[in-house]
Amino acid sequence: MELRHLRYFIAAAEAQSFRKAAEQLHVVQPALSKQIAALEEDLGVLLFERVKRRVKLTAAGESYLADARWILREV
């Protein structure tokens, strides 16, 4: 896991959209989606429910969001 994964995850969670998060981070949306998928694979859980053009945090995603914010603050 890399800090980039955490930044991408937090941006997507706050924007509730991979497209909007990618725009904010100045990356292309497929790259952001790939990084989120890699993070989910590393953790072994789904962090987002993908619904049409929006994403919604799962219960695991809600829990991980607090941890991700804490980790980035501490780094």
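I began with helix α2, where E23 and R19 are four residues apart and so separated by about one helical turn. Helices here are DSSP runs of H or I with at least four residues, strands are E runs of at least two, and both are numbered from the N terminus.

A note on what I am reading: this is a predicted model, where local features need pLDDT of at least 70, side-chain atom pairs count only at pLDDT 80 or more, and totals for chains, interfaces and linings use all residues. Residues are numbered from 1 along each chain as its sequence is written, and side-chain values use heavy atoms, with hydrogens and water left out.

**Salt bridges**

I looked up the salt bridges (a side-chain nitrogen of Lys or Arg within 4 Å of a carboxyl oxygen of Asp or Glu) and found four. One of them joins E23 to R19, with the closest N and O atoms 2.9 Å apart. R19 is partly exposed at 45% relative accessible area; buried means under 20%, exposed over 50%, and partly exposed in between (1.4 Å probe, protein chains only).

Next I checked E14 and R69, whose side chains meet in a salt bridge at 3.0 Å, N to O. E14 sits in helix α1 (residues 3-15) and R69 in helix α4 (residues 59-74), so this pair ties together parts that are 55 residues apart in sequence. E14 is exposed at 53%, while R69 is partly exposed at 34%.

**Aromatic rings**

Then I turned to the rings of Phe, Tyr and Trp (its six-membered ring), which pair if their centres lie within 6.5 Å; planes under 30 degrees apart are stacked, over 60 edge-to-face, and the rest tilted. I found three aromatic pairs. One of them, F18 with F48, is edge-to-face, at 5.3 Å centre to centre and 90° between the planes. F18 belongs to helix α2 and F48 to strand β1 (residues 48-51), so the pair links parts 30 residues apart in sequence. Both F18 and F48 are buried. One aromatic cluster takes in F9, F18, F48 and Y64.
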